[in-house]
Every structure is written in structure tokens, then in C-alpha cells.
Amino acid sequence: MAGYPAGFEGVYRKGILALQASRNRRVNDIGQPFSGTLRPTRVFRGIPLFQGCLDDAAQAELMGDVQAIWDAAPPVRPVTRWGKPMSVAMTSAGALGWTTDRRGYRYEPRQPDGRDWPPIPPRLLALWDSVTGGAGRPDSCLVNLYRGSARMGLHQDKDEADLSCPVVSVSLGDRALFRAGGTERGGRTDSVWLDSGDVMVLRGESRLIFHGIDRIEPGSSALVPGGGRVNLTLRVAG
Ligand SMILES: O=C(O)CCC(=O)C(=O)O
């Protein structure tokens with residue numbers, strides 16, 4: 001984890017790296033080329049899943065980081081270009097923040113009130129390296145908050161400048177039903193439950209697949225203050 005201050009790797013050593021030893025014995029037959037230091041537990045519709053990647057302590061640490069982001073950039077429910085408020089509340093960290101309003105979907109260098117977005121927590125940058133093998137460096141972290149009946153319709157992630165860079169997604173809090181299809185709208189889809197501490201990487205053939213969240217299971221985790229689910233997506237946006 002060269003490039004990051006000493007200590008950040010340590011946060012994950014107990015959780016991720018210890019899990020790694022036993023997991024490698026179970027799942028290394030997954031047959032997927034993989035360049036990170038961690039290995040996926042499963043490949044779902046071409047997406048490497050790292051189930052149980054973050055243990056309880058690492059999840060709690062990350063939730064503290066999310067709280068600090070929320071303090072500096074409170075989540076809001078943005079409107080789509082058609083003026084409809086999204087059911088998911090959002091904010092961002094990093095040099096660029098994803099936003100939507102009547103002008104459409106895009107990345108912005110500042111919050112709507114003119115302030116910079118808060119920095120991406122170093123813990124997340126270290127996690128990116130662990131699951132991607134250091135593919136690029138993320139400059140944007142979208143922080144999604146799902147409460148109650150919040151959901152996210154099927155969509156492709158294609159607002160980024162370089163679509164060859166992976167997207168890393170981290171789930172915290174209530175479990176969620178994640179749905180994925182192919183690279184064309186309207187094909188067959190499948191779903192999988194994402195639990196708190198699960199990580200996935202959209203890359204290669206899965207980078208541009210249609211995906212979304214059907215629903216969360218409210219109350220299935222006590223991690224997020226006030227309840228619900230947080231999803232963190234790291235991207236190389238600019
Ligand atoms: O919440 C999730 O797991 C998916 C989020 C997502 O698809 C996105 O932010 O583009």
C-alpha cells in the first residue's frame with residue numbers, strides 16, 4: 001500500500017487480510033484473472049464480489065469516515081433532469097462529486113454552495129488498491145444513503161471520462177437486493193443480496209452493465225446511525 005500513510009493498511013489487516021488466508025483456500029478456483037491483493041469470493045454477472053471483505057471493526061471505522069463526509073457535505077435528494085427527486089440521498093467526496101439537477105447528470109468540482117467536496121478517506125483509497133491492484137486513482141466517491149423504500153433503477157455508469165477504469169462499490173448497513181443485466185437495456189437480469197461489508201468491482205466486461213438496487217431490507221443492520229444503507233462508489237471520474 002505504498003503511497004498511503006502508515007497505519008491505514010493496519011485497519012484492514014485484521015479483517016481483510018486475515019480473512020484472505022481462509023478465503024483463498026475456498027475460492028481461488030473462481031477462474032477469473034484478478035490483479036488485486038484480495039481475491040473475490042464470487043463472480044456475479046461478470047462482477048467480482050468480495051463478500052464479507054470488511055469485518056465489523058473496519059465497517060465501523062468506515063462509517064465514522066462517512067459521518068465526517070456528511071458533516072462537511074450533507075446528503076441531499078437530488079432531482080433528475082425531469083425534475084423528479086431521487087429516493088436515494090447523496091453526497092460526494094473527492095476532487096469531483098457526481099450530481100444531477102435539471103441540467104442533467106454530471107461531475108462537479110464543488111458542492112452546490114460553492115464549497116469543495118471533502119477528501120476521499122485514505123481507508124477507501126487503500127481498499128481501492130487492494131481490490132483493483134492499483135488501477136488508476138479514484139478522484140470521486142459517491143456516498144448514497146438508502147432509507148425506507150429508497151431504490152435505484154437500472155442504469156449504466158458512464159459519466160466518467162475514462163470508462164476503462166473500474167468502479168469499486170462498498171456496502172454498509174442494511175442489506176440490499178442488487179440487480180444486474182447486460183450492457184444493453186432490456187436483457188435478462190439477475191439479483192444478489194449485498195450485505196454490510198461486501199465490496200464489488202465493476203471492471204472489464206462488467207464495467208458498463210446495467211445495474212441498480214431493487215430494495216433494501218430495513219432494520220437488517222444497526223451500523224448506519226438512523227438506519228438504512230450506505231453505498232460508497234469510488235470512480236476515476238475526471
Ligand atoms: O447502491 C448500490 O449498490 C449501487 C449504486 C449505484 O449503482 C451507483 O451509484 O451508480
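This note sets out numbered points on a predicted model of a protein chain with a ligand.

1. Overall composition. The protein chain contains 13 strands and 3 helices. Of its 238 residues, 41% are buried. When contacts between residues at least 6 apart in sequence are considered, 73% of them join residues at least 24 apart.

2. Ligand surroundings. Which residues surround the ligand? They are L142, N144, M152, D157, S169, F178, H211, I213, N231 and T233. Sorted by class, this shell comprises 5 polar, 4 nonpolar and 1 charged residues. Three strands each supply at least two residues of the shell, namely β6 (140-146), β12 (211-216) and β13 (229-235).

3. The open sheet. An open sheet is formed by 4 strands, with antiparallel pairing and the order β7-β12-β9-β10. Its edge strands, β7 (152-155) and β10 (190-194), each pair on one side only. From one strand to the next, the twist averages 25°.

4. The β9 and β10 pairing. Strand β9, which spans residues 176-180, is joined to β10 by 5 bridges, and the two run antiparallel. Within this part of the sheet, A176 stands opposite L194 of β10.

5. Helix α3. Why can helix α3 be described as largely enclosed by the rest of the structure? The reason is that 10 of its 11 residues, in the stretch 122-132, are buried. The buried positions of α3 are R123, L124, L125, A126, L127, W128, D129, S130, V131 and T132. After α3 comes G133, which has a positive phi, near 75°.

6. The largest nonpolar core. This core has 54 residues, and those touching the most other members are L124, V131, C141, V143, V168 and V199. Helix α3 contributes the largest share of the core, with 6 residues. In soluble globular proteins, nonpolar side chains tend to be buried together.

7. Contacts of V143. V143 is among the core residues that touch the most other members. With neighbours within four places in sequence set aside, V143 is in contact with V66, I69, P75, M90, T91, S92, A93, V230 and L232.

8. Points to inspect together. A reader examining the ligand site may wish to view strands β6, β12 and β13 side by side, as each supplies at least two residues of the shell. Strand β12 also belongs to the open sheet, where the order places β12 between β7 and β9.

Definitions and conventions: Residues are numbered from 1 along each chain as its sequence is written. This is a predicted model: local features need pLDDT of at least 70, side-chain atom pairs count only at pLDDT 80 or more; totals for chains, interfaces and linings use all residues. A residue is near a molecule or strand if its C-beta atom, placed from the backbone, lies within 6 Å of it. Ala, Val, Leu, Ile, Met, Phe, Trp, Tyr, Cys and Pro count as nonpolar, Asp, Glu, Lys and Arg as charged, and the others, Gly among them, as polar. A residue is buried if 20 or more other C-beta atoms lie within 10 Å of its own, exposed if 12 or fewer, and partly exposed in between; C-beta atoms are placed from the backbone. Two residues are in contact if their C-beta atoms, placed from the backbone, lie within 7 Å. Two strands pair if DSSP finds at least two bridges between them. Axes are lines fitted to C-alpha atoms, for helices over the stretch in contact, and angles run from 0 to 180 degrees between N-to-C directions. A nonpolar core is a set of buried Ala, Val, Leu, Ile, Met, Phe, Trp, Tyr and Cys residues joined through C-beta atoms within 7 Å.
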